[in-house]
Protein chains: 2
Amino acid sequence: MSDLLKHKSIRITDFRLKVLDVFEKNTNAVSIKTIETELANFDRTTLFRTLKTFIKKGLIHEVQLPNEEKMLALCDVTCTVDGHKHEHIHFKCETCNEVFCKQPEVNPNISIDGFLIKKVEINTTGICKDCLLA
Amino acid sequence: MSDLLKHKSIRITDFRLKVLDVFEKNTNAVSIKTIETELANFDRTTLFRTLKTFIKKGLIHEVQLPNEEKMLALCDVTCTVDGHKHEHIHFKCETCNEVFCKQPEVNPNISIDGFLIKKVEINTTGICKDCLLA
DNA sequence: ATTATATTTGCAACAACATTGCAAATATAC
DNA sequence: GTATATTTGCAATGTTGTTGCAAATATAAT
C-alpha cells in the first residue's frame, strides 16, 4: 500500500496513508466531503495540500461534471508526475449518484476541423448496470 | 435580443439584458471574472442568481475542465428548461486560452457495457486553428 | 545508528466563490 | 391601472481553497 506512494515518488507519511486508504476503500470516485467524513481528526489545509500533491504526482485525478461537486479517483498506473494518461471515461449514475471510471466499448476518436487536439476528457451520465437491474 | 429571454421564458430585466449582452459580445465561453469586469456596478448575489436562472432555463451552460476556472457559454436553441441538449464539444486552446464550443467532425458514439448513457459531455484541449496558423 | 537536509504538518489568518433571508422594487397578467 | 408574482440589493453567512511560518517528520548521507 505504501508501495503505491513510493512508486509515484510521494514521501510516505501517516496522513497520506490515511488519505490513500479512503481512496482504496471506495470503489468509485469520492468527494472531498466523503474524505473529510472518513478521516477522523485532521487539518483541512494539510488535506488540500495532500490532494494537490497526489494529483501532481499522478496518483489521483479530478472528475468534474458541470453543476456537480468535484470528485476524485485513483489514477491508472500510466499516470506519473509527467502527466495524466487516462484511457477511461467518467460516468455518473443519476439513480445511485456513484461516479465511475469506465472503459468505453469503442475507443472514441474525436477531431475538430483545423484544430489540434492533445487531450480528451469524456463525462457521461445515465443509469449504471446495478441500478438498471434493480 | 430580449427575444432570446422571452423565448426561454425568462423575465426581462435591465440586469439580465446586461448579462446577456456580455455573452453575445464574446464569441467564446466567458469566465465569471470576465462578466464581472464587463458589468459596471452590480450586485454579486444578483449575478449568481441570474446565471443560475440562465442555466436552469437553458440559455447558457457551464464548461468545466478539470483544474480550470469554470466557464459559461450560450446554449444551442435546442436547450430549454426541460434540459440541455448540446451536440457540440468543448475545446480549450492552451496557447490563447480561449474556450470554444465546436462541432466535432464525426459524431462520437460513446457506450459502456451494461450502462445506459443519457448524456455525453466531451472536453478537449490542444491548439486552436488560429494559433496553429500564427 | 546518528546527524544533516529537505519536505511535510498544523495553526491562524485570509481570499475567492457562492448561498440565504428578507424588505423594497419591478415585470407581467388581468 | 391595479394585483400578483418575480426579481433585486443588502447584510450576513457558508463553502472552498490558499498563504506564511515555526515545529515535526521523512529520507539521505555519514
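**Exercises on a predicted protein–DNA model**

In this predicted model, strand β6 of chain A and strand β6 (residues 116-127) of chain B run antiparallel and are joined by 11 bridges. Strands pair if DSSP finds at least two bridges between them. Residues are numbered from 1 along each chain as its sequence is written, and chains are lettered from A and ligands numbered from 1 in the order in which they are written. Local features need pLDDT of at least 70 and side-chain atom pairs count only at pLDDT 80 or more, while totals for chains, interfaces and linings use all residues.

**Exercise 1.** Describe the contact between chain A and chain B.

*Solution.* Step 1: the contact takes 31 residues from chain A and 32 residues from chain B; two residues are in contact if their C-beta atoms, placed from the backbone, lie within 7 Å. Step 2: on the side of chain A, β4 (89-93), β6 (116-127) and α5 (129-133) each supply at least two residues. Helices (H or I, at least four residues) and strands (E, at least two) are DSSP runs, numbered from the N terminus. Step 3: the largest share, 12 residues, comes from β6(A). Step 4: by class, this side has 15 nonpolar, 8 polar and 8 charged residues. Ala, Val, Leu, Ile, Met, Phe, Trp, Tyr, Cys and Pro count as nonpolar, Asp, Glu, Lys and Arg as charged, and the others, Gly among them, as polar. Step 5: within the strand pair, A:I117 stands opposite B:G126.

**Exercise 2.** Identify the surface near DNA strand D.

*Solution.* Step 1: of the 18 residues around DNA strand D, A:I12, B:T13, B:F15, B:T45 and B:T46 come nearest; a residue is near a strand if its C-beta atom, placed from the backbone, lies within 6 Å of it. Step 2: α4 (44-56) of chain A, together with α2 (14-25) and α4 (44-56) of chain B, are the elements that give two or more residues. Step 3: α4(B) provides the largest share, 4 residues. Step 4: the classes are 4 nonpolar, 6 polar and 8 charged residues.

**Exercise 3.** State which residues touch the most other members of the largest nonpolar core.

*Solution.* Step 1: a nonpolar core is a set of buried Ala, Val, Leu, Ile, Met, Phe, Trp, Tyr and Cys residues joined through C-beta atoms within 7 Å, where buried means that 20 or more other C-beta atoms, placed from the backbone, lie within 10 Å of the residue's own. Step 2: of the 43 residues in this core, A:A29, A:I60, A:M71, A:A73, B:A29, B:M71 and B:A73 touch the most other members. Step 3: not counting residues up to four places away in sequence, A:M71 touches A:A29, A:V30, A:S31, A:V63 and A:V99.

Definitions and conventions. Buried ≥ 20, exposed ≤ 12 C-beta atoms within 10 Å, placed from the backbone.
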